[in-house]
Amino acid sequence: MLNRLDGKAAIVTGGSRGIGRAIALELARLGAQVAINYRSASQDAEKVADEIRALDTDALCLQADVSKKDQARSLVKQVIDEWGRLDILVNNAGITRDKTLRKLTDEDWEEVINTNLNSVYYTVSAAMPTMVEQQFGRIINISSFVGQAGNFGQTNYSASKGGIIAFTKSAAQELARYNVTVNAIAPGFTLTEMLAKVPDEIQQKILDKIPMRRFGKPEEIARAVVFLAADGDYITGQQINVNGGVYM
Ligand SMILES: NC(=O)c1ccc[n+]([C@@H]2O[C@H](COP(=O)([O-])OP(=O)(O)OC[C@H]3O[C@@H](n4cnc5c(N)ncnc54)[C@H](OP(=O)(O)O)[C@@H]3O)[C@@H](O)[C@H]2O)c1
């Protein structure tokens, strides 16, 4: 049985659907108040907030494009202003713009790096003073097995996810003395809209390479996140792979 998270305040970036939605709901099930960030899907985010309130805890829906430094930092500030604390920060928002390196544009590169990697720096730097003052913080960054293994057609995405892994280890070293842990969860292929964009025949080829012969479910990623948030007191600078064995 996991420790409860009653009285803890959490932010999940990109919490409107997919893995972020599952994380927001799992955190709420343990009693955390959860701020759901989204970029454009306001109705989806409101639905998640309603589901959270039905679990008898508090929810906020906050629009912000976390690839923009001012918006990402203001997102963190709004939560601290509203709830007076910030205990759990889950950096989940992410996008793909898949192309081979020969076809990749500067825009494809910058959009992915800004959304997936720079956003993590923006939110963590904004959350850090409060977490240090509280002497408590759980930062969980969603990377990907692609950040470890690389992937054809994903130079931009793999660079962003590899960057998250390295950032996580360095930030963990700096923040450990303040009881602020920083870890990464690296999902494998998971059943969300991101995976649905991959053509069917390629999905079949991917399945053949996964030792467990199935895609992950968002809830399976979410459970690893809440474990770190609720019971990961002595775990920092780590990356936990939840990937059906696709990368070992
Ligand atoms: N699915 C997989 O197979 C897989 C595998 C490994 C890692 N991951 C990682 O897991 C995380 C979640 O992926 P997912 O599959 O759940 O993706 P998804 O279904 O496409 O959902 C992405 C979420 O991120 C939000 N988002 C995107 N850009 C944003 C921005 N600039 N500012 C704020 N929010 C933004 C979206 O909000 P809007 O809807 O409002 O745009 C949405 O809530 C990502 O970091 C992804 O890289 C996924």
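Thr-57 is buried, since 20 other C-beta atoms lie within 10 Å of its own. This residue of the predicted model is placed in the loop between H2 and S3. Setting aside neighbours within four places in sequence, the contacts of Thr-57 are Ala-28, Gly-31, Ala-32, Gln-33 and Ile-52. Ile-36 stands 21 residues from Thr-57 along the chain, and the C-alpha atoms of the two are separated by 13 Å.

The loop between helix H2 (42-53) and strand S3 (59-63) also contains Asp-56. In contrast to the buried Thr-57, Asp-56 is exposed, because its C-beta atom has 8 others within 10 Å. The backbone of Asp-56 adopts a positive phi of about 75°, although the residue is not a glycine.

A positive phi, of about 60°, is likewise found at Asn-179, which is not a glycine. Asn-179 belongs to the loop that runs between helix H6 (155-175) and strand S6 (180-187).

The ligand is surrounded by 29 residues, of which the closest are Gly-14, Gly-18, Gly-94, Thr-192 and Met-194. At least two residues of this shell come from each of helix H1 (18-29), strand S2 (33-38) and helix H7 (193-196). In terms of residue class, the shell around the ligand comprises 14 polar, 11 nonpolar and 4 charged residues.

How values were computed. Residues numbered from 1 in each chain as written. Predicted model: local features only at pLDDT ≥ 70, side-chain atom pairs only at ≥ 80, totals over all residues. Helix = DSSP H or I, 4+ residues; strand = E, 2+ residues; numbered from the N terminus. Buried ≥ 20, exposed ≤ 12 C-beta atoms within 10 Å, placed from the backbone. Near = placed C-beta within 6 Å. Nonpolar A, V, L, I, M, F, W, Y, C, P; charged D, E, K, R; others polar. Contact = placed C-beta atoms within 7 Å.
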